Amino acid sequence: MEQIIKFIGDNTVLIANIVALIAMAISFASYQLNSQRKLLVMQIFSNLLTGISFMILGAWTGVAMNCIAIIRNIVYSNKRAKSAGWIPFAFAAVMIGFGIATWTEWYCVLMVVGWVVNTLSLSSPSPQFIRKSILVSSPLACVYSLLARNYLSAAKETMSMISAIIGIIRFSRNKKE
């Protein structure tokens with residue numbers, strides 16, 4: 001047991017990044033779906049794993065944003081709840097509050113701003129609008145992840161941007177045909 005604990009302690013960055021790798025695969029797949037509900041369900045699993053990877057590293061702002069995002073995605077997957085105009089703003093306020101509470105470094109603000117943008121955009125019924133918002137929120141989360149040593153979470157954000165671009169092009173082309 002001591003050897004297991006020592007191994008985990010000596011390899012926290014490696015373990016966190018392995019967990020983030022799985023989250024990356026799920027996130028990439030989610031942006032290829034043309035259903036907001038399915039996209040949100042896939043993102044719940046991606047957020048869970050990403051939150052765990054940040055927890056392993058002690059990056060608490062990342063943990064908080066991903067935990068709130070899980071609850072947000074569950075609420076947003078219910079069309080009636082999502083139609084209440086105040087809900088996105090309530091989640092954004094909670095994210096800002098938890099961002100302040102978990103603030104440890106200057107770059108924590110990047111994660112909070114990125115996730116607030118993402119939260120507000122996810123209330124849109126348009127998967128294309130959601131994909132486009134990823135091009136704003138993911139670069140901010142990417143920088144946070146790099147500075148928190150969650151390299152594969154940063155790669156996940158990069159892959160999310162690439163996947164979002166592919167989805168934007170793919171579904172724009174389908175509408176033209």
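Is Cys108 buried or exposed, and what is its relative accessible area? In this predicted model, Cys108 is buried, with a relative accessible area of 1%, where buried stands for under 20% relative accessible area, exposed for over 50%, and partly exposed for what lies in between (1.4 Å probe, protein chains only). Because the model is predicted, local features need pLDDT of at least 70 and side-chain atom pairs count only at pLDDT 80 or more, whereas totals for chains, interfaces and linings use all residues. Residues are numbered from 1 along each chain as its sequence is written, and side-chain values use heavy atoms, with hydrogens and water left out.

The secondary structure consists of nine helices and zero strands, helices (H or I, at least four residues) and strands (E, at least two) being DSSP runs numbered from the N terminus. Along the sequence, the pattern accordingly reads α-α-α-α-α-α-α-α-α. The radius of gyration, taken over C-alpha atoms, is 16 Å, which agrees with the value near 16 Å for a compact globule of 177 residues, the globule rule being 2.2 Å times the number of residues to the power 0.38. Taken along the principal axes, the C-alpha atoms fill a box of roughly 60 × 35 × 30 Å. Of the 177 residues, 46% are buried. Contacts (heavy atoms within 4.5 Å) were also examined by sequence separation: among those between residues at least 6 apart in sequence, 69% join residues at least 24 apart.

The structure holds zero disulfides, a disulfide being a pair of cysteine sulfur atoms within 2.5 Å. Cys108 is in no disulfide, and the nearest cysteine sulfur, that of Cys67, is 15 Å away. The sulfur of Cys142 is likewise too far for a bond, because the closest cysteine sulfur, in Cys108, is 15 Å from it. Cys142 is buried, with a relative accessible area of 11%.

A search of the whole structure finds one salt bridge, defined as a side-chain nitrogen of Lys or Arg within 4 Å of a carboxyl oxygen of Asp or Glu. This pairing joins the side chains of Lys156 and Glu157, with an N to O distance of 3.5 Å, and both Lys156 and Glu157 are buried. In general, side chains of opposite charge can pair when their charged atoms come close.

Asn118 has its place in helix H7 (residues 108–121) and is buried, with a relative accessible area of 8%. When neighbours within four places in sequence are left aside, Asn118 is in contact with Arg72, Ser133, Ile134 and Ser137.

The protein exposes about 9,000 Å², of which carbon and sulfur atoms supply 73%; accessible areas come from the Shrake-Rupley method with a 1.4 Å probe, and for residues only the protein chains shown count as cover. On the surface, Trp106, Val143, Leu146, Leu147 and Tyr151 form a nonpolar patch with about 500 Å² of accessible area together. Patches are made of residues with over 30% relative accessible area and no salt bridge, like charges being joined within 9 Å and nonpolar side chains (Val, Leu, Ile, Met, Phe, Trp, Tyr) within 5 Å. Helix H8 (residues 127–147) provides the largest share of the nonpolar patch, three residues. Tyr151, for its part, lies in helix H9 (residues 151–176) and is partly exposed, with a relative accessible area of 43%. In the loop between H8 and H9 lies Arg149, whose phi is near 70°, a positive value in a residue other than glycine. At 38% relative accessibility, Arg149 counts as partly exposed.
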